[in-house]
Amino acid sequence: MSELDIRNLSKSFGGVKAVNDVSFTVKRGEFLAMIGPNGAGKSTCFNMINGQLAPDAGEIHFERRNIAGMKPRDIWRLGVGRTFQIAATFGSMTVLENVQMALISHGRELYTMWSKAAALHRGRALAILGQVGMAEAADRPTRELAYGDVKRVELAIALANDPALLLMDEPTAGMAPRERNELIKLVKALVVERGISVLFTEHSMDVVFAFADRIIVLARGRVIADGNAAAIRENAKVREVYFGTGKTFAGAPA
Amino acid sequence: MTLNAFLFQALNGLSTASGLFLIAAGLSLIFGVSRIVNIAHGSLYMLGTYIAYTFATRIGGVTGFWGGIVATAIIVGIIGAAIEFVLLRRIYRAPELFQLLATFALVLVINDSALYLWGPEDLLGPRAPGLRDAIEVLGRRLPSYDLFLIFVGPAVLLVLHVVITKTRFGRLIRAATQDREMVGALGVNQAMLFTAVFALGSLLAGLGGALQIAREPANLATDLIAIGDAFVVVVVGGMGSISGAYLAAVLIAEVKALCIGLGVVDFGLMKINFTKFTLVAEFIVMAVVLIVRPYGLLGRPQGAVRSIAEAEEPIRPANVFVKALGIVVFAALLALPLFANYSPYLLVLGIDVLIAVLFAASLHFIMGPGGMHSFGHAAYFGLGAYGAALLVKWMAAPMGLALAFAPLAAFAGALLFGWFAVRLSGVYLAMLTLAFAQIIWAAVYQWEPITGGSNGVVGVWPPAPFNKATVYFLLALALTVPGVLLLRRLLFSPFGYAMRAGRDSPLRAEAIGIDVKRVHWLAFAIAGGICGIAGGLFAFAKGSISPETIHVGRSIDGLVMVLLGGLQTLTGPIVGASVFAVLQDTIMRSTVYWRALLGLVILFLVLIFPSGIVGTLVNLTRRIRLRRKAAT
């Protein structure tokens, strides 16, 4: 059964059709990669699914409910987590407080004015940080962290409300190859363990082909291919978009 | 009102619009390129009036007047370039707030310089040689000089348009307005470009000022009036848009002219005197425009300016040392009345300090952790003060009730204005809060039957035993300390964290279910309410309240207090307000040139101690601790 069902989604900026009649689904517990060259419409797609942008046309069904045009905060409450291409965390808070903030929001305690925020949900926040391997750094200010660690904190924030769907826009951008593999391995493990569905974009082909259950390819705002790693490798249209004609992924750096 | 009279007022409006446009165009140009909102722009305009006056009276005749106007424009242009070269160049990459304050400091210094050079009297210039007479238009007499002014605005607009669209200099200006980093990266000498733009903008301000001498006397209050008007015009027109500035100048001048033209209109049920709206008309226009079109009539959303302001440390609960210090200070304050016998003035000063602390702490709450730079916090001080005073005046309410009503009135006002303000950010938020504060001020000033107009409300004395300074001081202490502690407690609560989350990263905050605008709105209203307590205390402490005590100067004082202590610390506003209040009550009263002194203090802070007193102390102790750690 599908968790996320996207039907005929479109969005234009001025005269540019950034996303043009895109349809695809994400099944429950699926680890789905969305790839495509720069400007293909991946981030625009993400921003519509997560509510930062309202689509011009089309529907986005999440757990049988059309969430197109809803606000990000309402979509989050339905159980959609998100990490951004450029990591967005709260710089004036510690790593632990970043996760606590999400847990406070999840517990609908945002307008509580008397209790101390730093004492709330500590145990749960530490547990989540443990899962992403950041428990050691719990008391450090987020702004002091290396970028790869900030990405992990962001993942921890996104996991705080037990999302059913996780949207990860280039989760490994700016990471060294080894870090990159570790993070994706971690996410893959979460998918298997908790049954979370993950939609992610990624520029590193080795990561995509090694871990994704399925791959959809976007180019110039349209879906040009949808299938498993083998099928995408063989797909002529995909080759053309990435390499021009004649070359293959066989020669791509692995 | 006849159609002819109406058209005549409209013509009058057009000549006023030209003056507005000249000063606004320069401000807009400078903002577009350097992203600095130059509050001292009004002071350059004022210098224009004084310098042109000097030329016209010392040299006299056609040369002195017309030649003087040209010479004045050039001189003011050079002064502007010098200001850019000496001061502004150092703060291009500082946080926006510091830039605003630094240029405000210039306003103070220039104002006192003009006082020193030309004296406090209004100076009326001669009439323009060659344009002394008036001509008959629509059955009324219009001075031919006004007719000349009507054409000056469009002429300057045309020249600027040609310069900006056809020349290389203009192309650079447009490019820098869109992305100044990119212009720098392309190898353009930014320093030269900025100085040139500043000179051009200042020249326009000087020209605008010089052209006014045949209509209005040179006056020391012109700087703030001019900058107020120019801001409104620039914000309404869209920052950085020259044609927008002309459009807005015409719109505002015409709305004002219309208000004068309408006069008193009888609506049957009630008579409304529209001339009373002139003070506030422009701010209402601005508020409406900002609400409907947040970037002004012809403005576009600006690309974010990449500031290098250091991110903030996480907040930590007070350590033992700070707690002990707090208790000692509180005990010392409790004991202060014991020393009152030696110096009765001590308690008056103490009350002033406490009121300032509450005022500054409430402003810091939204400015620091909330990231909302309010330039109109005086509004909530005023609502509290007037709310309490009017309740006493008209309902003979006891002091307790009046003091309880003060925060409610301020909270309600902040709730209303805050709803609009939190929809904007940065300079636009600052300007909208300023506009709301001006509206409150103008309402109080103009609504004479209720508020007593410029005389204010008098006779708001506290009843016995609070009429004794000792007891009133303790009352102020009993309200200020819980007020400050409440704000602090809020900052450590989930609500305070949510507010900071919304400031740190609105994108992330919204993506984890936080309604940032609503959180900030509520925070704005709470800060307003607490500020209202300070206002209520002030009214009873002084026994009176007048419009001038809630004017823009008070808002600026609040900003200085917060920055003096340090924006990024929680104890900063308390220290800053105390130091400021003591300075104001002692040193600044002993000199005529206190404005210049205050200005120099601000410049000193901005340039040398940008993190304020407490911030500097914190940095110092941290550095010492690190060094010790390294040594062991």
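In this predicted model, B:Asp146 and B:Arg215 form a salt bridge, with 3.2 Å between the closest N and O atoms. The two residues come from distant parts of the chain, 69 residues apart: B:Asp146 belongs to helix 5 (residues 144-166) of chain B, while B:Arg215 sits in the loop between helix 8 (190-212) and helix 9 (222-237) of chain B. B:Asp146 has a relative accessibility of 9% and therefore counts as buried. B:Arg215, at 24%, counts as partly exposed.

Over all chains, the whole structure contains 22 salt bridges. A:Asp226 pairs with A:Arg214, the closest N and O atoms being 2.6 Å apart. A:Arg214 is buried at 12% relative accessibility, whereas A:Asp226 is partly exposed at 42%. Another salt bridge joins A:Asp5 to A:Arg7, at 3.0 Å from N to O.

Three salt bridges are counted between chain B and chain A. In one of them, B:Asp515 meets A:Arg73, with the closest N and O atoms 3.2 Å apart. On the side of chain B that touches chain A, helix 18 (469-492), helix 19 (494-504), helix 20 (506-511) and helix 21 (516-542) of chain B each supply at least two residues. Helix 19 of chain B gives the most, with eight residues. The contact as a whole takes 33 residues from chain B and 37 residues from chain A. About 3100 Å² is buried between the two chains, and carbon and sulfur atoms give 62% of that area. Across this interface, 17 residue pairs are in polar contact.

Within chain A, strand 8 (residues 197-201) is mostly covered, five of its five residues being buried. A:Ser197, A:Leu199 and A:Thr201 are buried on one side of the strand, and A:Val198 and A:Phe200 on the other. Strand 8 of chain A runs parallel to strand 3 (residues 31-35) of chain A, to which four bridges join it. In this pairing, A:Met34 stands opposite A:Thr201. Strand 7 (residues 165-169) of chain A is also parallel to strand 8 and is joined to it by five bridges. A:Phe200 of strand 8 is the bridge partner of A:Met168. From strand 7 the chain passes through helix 6 (residues 177-194) of chain A to strand 8, a right-handed β-α-β crossover.

Note on methods: Residues numbered from 1 in each chain as written. Chains lettered and ligands numbered in written order. Predicted model: local features only at pLDDT ≥ 70, side-chain atom pairs only at ≥ 80, totals over all residues. Heavy atoms only, no water. Buried < 20%, exposed > 50% of the residue type's maximum accessible area, 1.4 Å probe, protein only. Pairing = 2+ DSSP bridges. Right-handed = clockwise from strand over helix to strand, strands pointing away. Contact = heavy atoms within 4.5 Å. Buried area = accessible area lost by both parts, 1.4 Å probe. Salt bridge = Lys/Arg side-chain N within 4 Å of Asp/Glu carboxyl O. Polar contact = N/O pair within 3.5 Å; in protein donor to acceptor, adjacent residues only side chain to side chain.
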